[in-house]
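Open the model in your viewer and keep the selection tool ready. The stops below go from loops to ligand to an annotated span.

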Amino acid sequence: MFDNLSDRLEATFTKLSGQATINEVNIGIAMRDIKRALISADVNYKVVKKFVEEVRAKSLGEGVVKSVSPAQMIVKIVNDELVELMGGEHKPLDLNGSRIPAVVMVAGLQGSGKTTFCAKLARRLKKNGRHPLLVAADVYRPAAVEQLKTLGGQVDVPVYAIDEQDALKVALEGVEEARKTARDVVIVDTAGRLQVDEAMMVEAETLKEKLGPDEILFVVDAMIGQEAVNTAKIFNERLDFDGVVLTKLDGDARGGAALSIKQVVDKPIKFMSVGEKPDDLDLFYPDRMAQRILG
Ligand code: GDP
């Protein structure tokens, strides 16, 4: 995914390490190159500006310019700033509240990979010794309900689905069903639309209010770049969600969403989806991602 960005950063560092001395001029040129590389990777402009300013200030520090290997130190500075940009430490899903079952509400636009993610999360939790129940609260699309049933079958996790148009009723009954059947975590797949829509938002807000989920995860397709960031902003303003799930990172997304979202909405990316199969889900580690970018 980050191929182009990686290549451009590498070229910048190679150029820098070929210099006899590191000074304000060649650091300035390197920063301009980094800025262009990030912008062409579709990183949010404000995020790029702040990032480059930080890297420039640190690179011009006494210790760097006068060190034995300044170029290498600048690579380290860029690495550390990339990690910071993506949230620093990995932030895990927090289901350790006292309530049983714990409730995870999953929101996002249609096509983002929400339903697929619900099944993957169920599989992951099951592997970790939990007993999940999937709840099909995307009630307007019969295909979505059927899809969740199929995916639930694939990961061997029960799915609660009833013929009912009231998403809240389905979700509340799903939680009740989990209680009765000794399931300790409920994953609620909520309705998405192709675009942000007021009715969808109101429904999601109601679900949040009445369900009191332990975690609300916002699922977004990394392929849509800056639009992913804008959508995250809107969902966050309404739902104040707990974490982001970035999907389709196996595709040729340029990486802008991964690099911008944390700074723009101040919520951690918790998971990354890297394919369509039930196991194609990884925890999101900012340091590993930074390493991937820097090669
Ligand atoms: P929903 O409408 O948000 O519930 O989205 P779906 O879960 O139905 O996913 C939409 C499409 O994207 C489906 O064809 C999925 O198989 C596919 N998909 C979901 N996650 C990923 C992913 O991480 N990588 C790829 N390549 N495809 C994905």
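Helices (H or I, at least four residues) and strands (E, at least two) are DSSP runs, numbered from the N terminus. This is a predicted model: local features need pLDDT of at least 70, side-chain atom pairs count only at pLDDT 80 or more, and totals for chains, interfaces and linings use all residues. Residues are numbered from 1 along each chain as its sequence is written, and side-chain values use heavy atoms, with hydrogens and water left out.

**Stop 1: two loops.** Select Pro101. This residue is in the loop between helix H5 (70–85) and strand S1 (102–108). The peptide bond from Ile100 to Pro101 is cis, with omega near -5°. Next, go to Asp42, in the loop between helix H2 (24–40) and helix H3 (45–59). Check its phi: about 70°, a positive value, although Asp42 is not a glycine.

**Stop 2: polar contacts.** Look for pairs of N or O atoms within 3.5 Å. A backbone N or O atom of Lys114 is 2.8 Å from a ligand oxygen atom. For Gly113, a backbone N or O atom lies 3.0 Å from an oxygen atom of the ligand. On Asp250, pick the side chain: one of its N or O atoms is 2.8 Å from a ligand nitrogen atom. The protein covers 79% of the 580 Å² of accessible area that the ligand has on its own (Shrake-Rupley method, 1.4 Å probe).

**Stop 3: an annotated span.** Select residues 268–281. The UniProt annotation "domain: SRP54-type proteins GTP-binding", from an unreviewed entry, covers them; such annotations may be inferred rather than shown by experiment. The end C-alpha atoms of this span lie 16 Å apart, and the span is 0% helix and 43% strand.

Terms used:
Polar contact = N/O pair within 3.5 Å; in protein donor to acceptor, adjacent residues only side chain to side chain.
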